[in-house]
Amino acid sequence: MKTSKSSFWFQCERFITITKVTADGYLYFLFMLSIYILVQSESSKASFIHRRLPRGLSNCPSADTQLDLTKRNITQLQTSDFSCFLDLKFLNLSYNSIEELDCSVFQFNPSLEYLDISNNRLHTIQCQSLQYIKNIKHLDLSYNNFKQMHFCKEFTALSQLKHLGLSAEQIQTNSFLNIAPMQLEYVFLGMEDLTEYENGSLQFLNTNKLLINLPTNLNLASSYLLSDALNTSTTLEVSGAQCDVHCDYFTKSFSTITKNSKVVNLIISNGAMPGNEIFKIMPPIWDSSIEHLYIKIFRLQNELKYVKMDFLHHSIKSLTVEDLTNEVVSFRDTHPLQMFAEMLVENITFSRAELYFFFCPPAPSIFRVINLPSNRLTDDIFQNCANLKELELLNLQNNKLEQMSKISSMTLTMPNLKHLDLSRNGLHIDNEKQCKWMDSLVFLNLSESGLTNSVFGCLPINLQILDLSKNQISSIPIEVKNFVSLKELHLASNRLTDIPDCHNIGNNLGVLKVDENLINLPSKEFLQNCEYVKYLSAGKNPFQCNCDLREFVKMGVMFPKRLIGWPESYKCADPENLRGIFLQDFYLPEISCNISMLLGVVLGTIFILSIIVVSACFYFDVPWYIRMLFRWFRTKHRLRNVNQQDIQNDKLFHAFISYSQEDSDWVKNMLLPNLERKDGSIKICHHERHFIPGKAIIENIIDCIEKSFKSIFVLSPNFIQSDWCHYELYFAQHTLFGKNSNNLILILLDPIPQYLIPNKYNKLRSIMKHRTYLEWPKEKGKHALFWANLREAIHVNLSIKEEDMADPEVRT
Ligand SMILES: *[C@@H]1O[C@H](CO)[C@@H](O)[C@H](O)[C@H]1NC(C)=O
Ligand SMILES: *[C@@H]1O[C@H](CO)[C@@H](O)[C@H](O)[C@H]1NC(C)=O
Ligand SMILES: *[C@@H]1O[C@H](CO)[C@@H](O)[C@H](O)[C@H]1NC(C)=O
């Protein structure tokens, strides 16, 4: 049995325990026991290990697909820890103290795809158990206690594996042998502690991308590793290369690179070297398989000397330098920055590289793209530079450029320049000096440059795309009409108060961006003249939600694709009560915006109402009622001057009788004879006898009613046909005559169905509903009782003065 810890990496045929069986084991047991007790007393979170979560509990299984268990002091894994998480996909166990990986603990997690167990103390992997993580895609085993790298052949069972992370102190030829058939996408080798590397070991590794963290102190092993890495993957990232004076362990590795090497993209990151050391790798790279070289987060130290470099060949297509810290303190003779200008490469990028100057290439250059954003370049750049004839794109974003006229003249020696980015500089226009641009320019980015309306007097004429966002522009002058090729105009974050009228802009304009300006109400001109603008971006303006905005809102609702950002960026700012609501939800009905329409509706309504009132008056005979009421009023006035006793004395009749002419037979033959017995105890005012000729009928009626104690109404379908009867009833029932409502007596001669009563007789209807009436019985036998009842109802002691009573005989 081997005693050295993890002398065999991923040893599978035999599982080798590292713990010595005797005293070590006992101590280990005690250690685990104490951790167990500790952990049990901790919160439930910390007690994850050894906490048993048997399957079938009510809160189990869990639907969680991700578990982050980093930094939990976990020392050992158990099946029960994960058996609940049947859908577990992602498990991060990094930064714990796990010593052994037995994948059978994941036997209930068939979906596990991501397993990060880096930064633990692994020294053993149970190879037989790898079958339990067959679906694993991402496996990070880096930064553990493996001394040697050795993959057992069971690893090939992980057919989905794409991403692998590893660390070891020693790499040997057979380390990757067993996984040679596997095609990986990304392999990370954390080689900070590498002490031994056997040449050719990486040849069995198949991956598209390889990232190597180099040892902090570069050594021979790392040099061999790097040489092999150049032939391992198409993309190689080398991180952490640092050296103070000589960097041979690093630079010599590149002397082996050829055109037939495998690497195409080389990324050198997180490094720090003397300037001239890193430049040593350039000539070999320029004649190699490498097409794209990236240097990221890199510190140039000490001295940088100009060295004439031989770029006879130029396999390389792009050089990108990002986040370069320049600590170079001195230089001699030719400026070392000249080396950048002499590089033969089509695309060159120095971003955040602290450059304060970039030389004009001394000979015709093949630069087609020069990206120099976020440096400290000034207006002196590329002045009168005749060797940039191929240049198509120049990006000088975020530098220290100032004078537009000077920059414009810079372009005059660049006949192919199409794309110029001058954004995020503090530019100004000098009215004295003219701007002269190369005609080839079609794209100009002047955003965030502190420009005002005067910029329109200093622009290249053939522009197709012009970005003037984030400036101080308040209006678009008429000159813009000359830009006939303009397709895109970006004016976001300026001070425009209206959307520009397209009439003043060439009619090729397809995209117009005016978000975040001061536009309250897009003018009608825009809506009329800008039909060909395919996309308009006008969100985040302080829209005034009133009638005039409706056309614009309509456009948004009808063509939401045309308005970029619709509806979420378009909100009302004014009036107060609508602030914050989406224009999409802002709705004013047509009528509230159209005065003549509003007037029409109001007048129309008044007219219709008057018609209704007038016709209702006629329908219900209101004028007649009014006339009559007037009369009553007079009568009442007259009566008021007569005292109550007089009223009593005035009564000449027991009852007034109202009936329809159709029912007169019954009245004359039945009612009158039965009431007015021979004794003359009951006197009836009967219109045929007592109406005074010459008086208006209505006055006769009123007289008659007034002179009677009671009013008898003979109700029948005929009665309701007769208007007169109805009026009589109305008067009789009116308060004037009805101070005590007992003076109304209703006789129902024939049943009247409710529906027969016309609406205008609603009075009658309600009387019939609320009062009891005497029903004329059809059976003869009941007649006597009926008469008795009726007589009783009207019986009153009259102090009738004989002389006042008209002689019935005379009146008929
Ligand atoms: C796991 O967690 C560590 C520490 O928080 C983190 O650095 C690492 O990226 C995580 N792993 C994955 C695969 O996300
Ligand atoms: C060069 O840069 C341009 C513009 O950034 C890009 O479109 C092109 O793909 C680059 N070419 C190479 C070879 O990197
Ligand atoms: C102009 O430059 C700014 C950054 O400086 C960038 O955000 C913007 O997208 C550029 N404009 C165009 C049209 O590419």
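1. In this predicted model, asparagine 92 makes a polar contact with ligand 1, a polar atom of its side chain lying 2.3 Å from an oxygen atom of the ligand. Serine 94 also reaches an oxygen atom of ligand 1 with an N or O atom of its side chain, here at 3.3 Å, while aspartate 116 places a polar side-chain atom 2.7 Å from a nitrogen atom of ligand 1. Taken alone, ligand 1 would expose 360 Å², and the protein buries 55% of that area.

2. The residues that surround ligand 1 are Thr70, Phe90, Asn92, Ser94, Tyr95, Asp116 and His138, so that asparagine 92, serine 94 and aspartate 116, discussed above, belong to this shell by the 4 Å cut-off. Sorted by class, the shell holds two nonpolar residues, four polar ones and one charged one.

3. Around ligand 2 stand His292, Lys317, Ser318, Asn347 and Val369, and for asparagine 347 an N or O atom of the side chain is found 2.2 Å from an oxygen atom of the ligand. Ligand 2 on its own exposes 360 Å², of which the protein buries 46%. The shell of ligand 2 divides into one nonpolar, three polar and one charged residues.

4. Turning to the cysteines, the structure contains six disulfides, and one of them joins cysteine 127 to cysteine 152, with the two sulfur atoms 2.0 Å apart. The torsion about this S-S bond is about -100°, and the disulfide is therefore left-handed. Because cysteine 127 sits in the loop between strand E5 (124-125) and strand E6 (138-140), and cysteine 152 in the loop between E6 and strand E7 (163-167), the pair ties together parts that are 25 residues apart in sequence. Cysteine 127 and cysteine 152 are both buried.

5. Another of the disulfides is formed by cysteine 360 and cysteine 385, whose sulfur atoms are 2.0 Å apart; its S-S torsion is about 80°, so this disulfide is right-handed. Distant parts of the chain are linked here, with cysteine 360 in the loop between strand E16 (347-351) and strand E17 (369-371) and cysteine 385 in the loop between E17 and strand E18 (393-395), 25 residues apart.

6. Cysteine 545 lies in the loop between strand E25 (543-544) and helix H10 (550-558), and cysteine 572 belongs to strand E27 (residues 572-574), so the pair links distant parts of the chain, 27 residues apart. Cysteine 545 is buried at a relative accessible area of 4%, and cysteine 572 is buried at 3%.

7. Cysteine 103, by contrast, takes part in no disulfide, and the nearest cysteine sulfur, which belongs to cysteine 127, is 9.1 Å away. With a relative accessibility of 0%, cysteine 103 counts as buried.

Key: Residues are numbered from 1 along each chain as its sequence is written. Chains are lettered from A and ligands numbered from 1 in the order in which they are written. This is a predicted model: local features need pLDDT of at least 70, side-chain atom pairs count only at pLDDT 80 or more; totals for chains, interfaces and linings use all residues. Side-chain values use heavy atoms; hydrogens and water are left out. A polar contact is a pair of N or O atoms within 3.5 Å; within protein, one must be able to donate a hydrogen and the other to accept it, and residues adjacent in sequence count only if both atoms are side-chain atoms. Accessible areas come from the Shrake-Rupley method with a 1.4 Å probe; for residues, only the protein chains shown count as cover. Ala, Val, Leu, Ile, Met, Phe, Trp, Tyr, Cys and Pro count as nonpolar, Asp, Glu, Lys and Arg as charged, and the others, Gly among them, as polar. A disulfide is a pair of cysteine sulfur atoms within 2.5 Å. Helices (H or I, at least four residues) and strands (E, at least two) are DSSP runs, numbered from the N terminus. Buried means under 20% relative accessible area, exposed over 50%, partly exposed in between (1.4 Å probe, protein chains only).
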